[in-house]
Structure formats: C-alpha cells, structure tokens
Amino acid sequence: MSGVTPPAEGRVVWFTGLSGAGKSTLATALHERLVARGERVELLDGDAVRENLSKGLGFSKADRDTNVRRIAFVAGLLARHGVTVLVSAISPYRDTRDEVLAALPNTVEVFVDAPLSVVTDRDVKGLYLKAIAGEIPHFTGVSDPYEAPISPDLHLRTDLKSIDACLNELLTHLGVHDVTHA
C-alpha cells in the first residue's frame with residue numbers, strides 16, 4: 001500500500017469536574033462544533049462508558065480508577081488513529097488522572113468547575129441532596145473526595161461564565177477558529 005500515509009495523531013480533551021459542573025454539556029457543544037468543521041471526533045461520556053464498558057464496577061477508589069483507565073485506553077486507541085477524543089468523566093482522583101493523561105497523546109486537561117452549592121442546585125435528580133443526607137454512600141464531592149487538578153490546561157468556572165463563553169474560551173485554547181459561528 002505505497003503512497004498511503006497514516007492519519008495524523010489525534011488529541012484527547014479530558015473534561016474533569018464534579019457531577020453537574022457542565023462537563024458533558026461543554027463536551028457535547030465542542031463535539032457539535034468540531035463535527036460541523038468536518039473533524040474526526042468522538043465523545044466518550046463517563047456515564048455512557050460506565051454503562052457499556054465498565055458495567056459491574058462499583059464506586060470504590062479501585063473501581064473508579066479502573067473506569068478511568070478503561071476510558072483512557074479507548075481514548076488512546078482513537079487518538080492514535082487521528083481522532084480528537086472528548087472525554088467527559090468526573091475522574092475524581094488526581095494521581096490516576098495524571099497517570100492516564102501522561103500516557104495519552106496531545107492531551108488537554110479541562111477542569112470544569114462550579115462550587116458544591118451550584119451543582120447541588122443544578123441536580124435535577126436530587127442526588128446531591130440524598131448524598132448530603134447520607135442516603136447515597138461514596139458520592140463524589142460529598143462523601144468521597146474530588147481532587148481538583150493542580151494546574152489544568154484550562155480552568156472553566158461554569159458558575160461565573162455561560163456555557164457559550166466557556167465554549168469560546170475552549171475553542172480559543174484549542175486553536176479552533178469557529179467558522180460555524182463567525
């Protein structure tokens with residue numbers, strides 16, 4: 001197969017933050033913009049991956065770390081084949097998150113941040129209130145830790161900026177000239 005060149009290596013944009021901070025919302029909006037530009041892009045949402053790839057895992061530290069490593073494995077495979085991979089996963093433990101990000105090509109760590117009071121207000125299922133009341137054990141940000149990144153590539157405060165403003169900041173950081181909304 002002479003003359004065939006392999007695709008350029010992709011990248012992994014890893015959205016981390018508390019449940020309800022806006023990770024999936026931002027990742028989905030970015031996915032839509034990149035698809036509109038004709039880019040090869042895949043979205044790996046933490047909830048979907050847990051349901052389809054990590055079914056049976058619980059919420060212990062070991063199980064959460066296994067889930068994050070599985071997501072990273074799939075992201076790495078896709079990125080090595082020229083795909084931009086958008087990962088939206090709480091990934092609460094800094095050491096595991098740092099480990100997997102270091103092993104992935106062209107990573108961008110995006111800390112999607114909103115305080116507990118804001119994510120609790122946004123929670124339509126009432127899970128935070130149940131966790132605060134002690135009804136849900138091992139709930140990240142309440143009875144289990146969330147270890148924020150020390151120096152993420154991008155820190156987006158969704159309680160202070162709109163999703164559109166955060167998306168524009170993200171697009172700028174990624175060097176994407178947004179032709180769809182010029």
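Which residues lie nearest the centre of the largest pocket? In this predicted model, Ser 19, Gly 20, Lys 23, Asp 47 and Ile 90 take that position among the 32 residues that line the largest pocket. Two or more lining residues come from each of the helices α1 (23–36), α2 (46–52), α3 (61–79), α5 (116–122) and α6 (127–132). The volume of the largest pocket is about 880 Å³.

The strands were examined next, with β4 as the point of reference. Strand β4 spans residues 107–113 and is mostly covered, six of its seven residues being buried. Strand β1, formed by residues 11–16, pairs with β4 in the parallel sense through five bridges. Within β4, Val 108 is the residue that stands opposite Val 13. Strand β4 is also joined to β5 (residues 154–157) by four bridges, and these two strands likewise run parallel. Here Asp 113 has Arg 157 of β5 as its bridge partner.

With regard to annotation, an unreviewed UniProt entry assigns residues 10–156 to a domain labelled "APS kinase".

Key:
Residues are numbered from 1 along each chain as its sequence is written. This is a predicted model: local features need pLDDT of at least 70, side-chain atom pairs count only at pLDDT 80 or more; totals for chains, interfaces and linings use all residues. Side-chain values use heavy atoms; hydrogens and water are left out. UniProt positions are given in the numbering used here, feature names are shortened, and annotations may be inferred rather than shown by experiment. On a 1 Å grid over the protein atoms alone, a cavity is a set of points where a 1.4 Å probe fits but cannot get out, and a pocket is an open set with protein on both sides within 12 Å along at least five of seven lines; lining residues have an atom within 4 Å of a point. Grid points are joined across faces, edges and corners, and a volume is the space filled by probe spheres set on the points. Buried means under 20% relative accessible area, exposed over 50%, partly exposed in between (1.4 Å probe, protein chains only). Two strands pair if DSSP finds at least two bridges between them.
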